Amino acid sequence: MSIIKFILILTITIISKSSVEEEGQKYVEKMTFEKLFELTSTNKTDNCVILFYSPNCPHCIKFKPIFYEYVFETRGTPFKFMEVNCSDDPRACNFMKINAYPILTIYQGNHMYRFDKRPSK
């Protein structure tokens, strides 16, 4: 394989990967304490996936592109995807008792599932 062909394939792969992540971001609602409080207090959490993160967290930096890619790939499903930046809105994270990042909280029916392991692909 020539070096030019290799560079072209690598460039296309990087561009397509980043565009999937960027497209996935469009399907994620940014949450604040007020929105989160309303959502949980009115039991409108059915089929919600909420990512709690900090922009300075190395695990979050690694995980967010995976999350956005998943969101993009599952668009059109009944799930609503949301994210909370705990650095910008610590009240929201305190309200949900988030003390490490990243955390995925999934609401389905009357059940809440919390994943606090270091996610990886």
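Trainee: In what order do the strands of the open sheet lie?
Mentor: The open sheet has five strands, and their pairing is mixed. Strands pair if DSSP finds at least two bridges between them. Strands (E, at least two residues) and helices (H or I, at least four) are DSSP runs, numbered from the N terminus. The order is 1-3-2-4-5.

Trainee: What pLDDT do local features need here?
Mentor: Residues are numbered from 1 along each chain as its sequence is written, and side-chain values use heavy atoms, without hydrogens and water. This is a predicted model: totals for chains, interfaces and linings use all residues, side-chain atom pairs count only at pLDDT 80 or more, and local features need pLDDT of at least 70.

Trainee: Which strands stand at the edges of the sheet?
Mentor: Look for strands with a single partner strand. One side of each is left without a neighbour in the sheet, because each pairs on one side alone. They are strand 1 (28-30) and strand 5 (111-115).

Trainee: Which residue is the bridge partner of K30 in strand 3?
Mentor: Strand 1 and strand 3 (residues 80-85) run parallel, joined by three bridges. In strand 3, K30 has as its bridge partner E83.

Trainee: At about what angle does helix 2 run to strand 2?
Mentor: Helix 2 covers residues 33-41. Helix 2 lies across strand 1, strand 2 (48-53), strand 3 and strand 4 (103-108). Its angle to strand 2 is about 145°.

Trainee: What pattern does the protein chain follow along the sequence?
Mentor: The protein chain has four helices and five strands. Read along the sequence, the pattern is α-β-α-β-α-β-α-β-β.

Trainee: What share of the contacts with a separation of 6 or more comes from residues 24 or more positions apart?
Mentor: Contact means heavy atoms within 4.5 Å. In the protein chain, that share is 70%.

Trainee: Is H111 buried, partly exposed or exposed?
Mentor: H111 has its place in strand 5. Buried means under 20% relative accessible area, exposed over 50%, with partly exposed in between (1.4 Å probe, protein chains only). At 48% relative accessibility, H111 is partly exposed.

Trainee: How are the rings of F67 and Y68 arranged: stacked, edge-to-face or tilted?
Mentor: The structure holds seven aromatic pairs. Rings of Phe, Tyr and Trp (its six-membered ring) pair if their centres lie within 6.5 Å; planes under 30 degrees apart are stacked, over 60 edge-to-face, the rest tilted. The centres of F67 and Y68 are 5.9 Å apart and the planes are at 50°, so the pair is tilted.

Trainee: How many residues apart in sequence are the parts tied together by Y70 and F81?
Mentor: The rings of Y70 and F81 have centres 6.1 Å apart and planes at 80°, so this pair is edge-to-face. Y70 lies in helix 3 (residues 58-73) and F81 in strand 3. Y70 is partly exposed, with a relative accessible area of 46%, while F81 is buried at 6%. The pair ties together parts whose separation in sequence is 11 residues.

Trainee: How far is R75 from the ring centre of F72?
Mentor: A charge sits over a ring if NZ of Lys or CZ of Arg is within 6 Å of the ring centre and within 35 degrees of the ring normal. The charged end of K64 sits over the ring of Y53, 3.8 Å from its centre. R75 lies over the face of F72, with a distance to the ring centre of 3.8 Å.

Trainee: Is the disulfide of C86 and C93 left-handed or right-handed?
Mentor: A disulfide is a pair of cysteine sulfur atoms within 2.5 Å. C86 and C93 are joined, S to S 1.8 Å, and both are buried. The torsion about the S-S bond is about -80°, so the disulfide of C86 and C93 is left-handed.

Trainee: Which residues does N85 touch, not counting those up to four places away in sequence?
Mentor: N85 lies in strand 3. At 14% relative accessibility, N85 counts as buried. N85 touches Y53 and P55.

Technical notes:
Axes fitted to C-alpha atoms, helices over the stretch in contact; angles between N-to-C directions.
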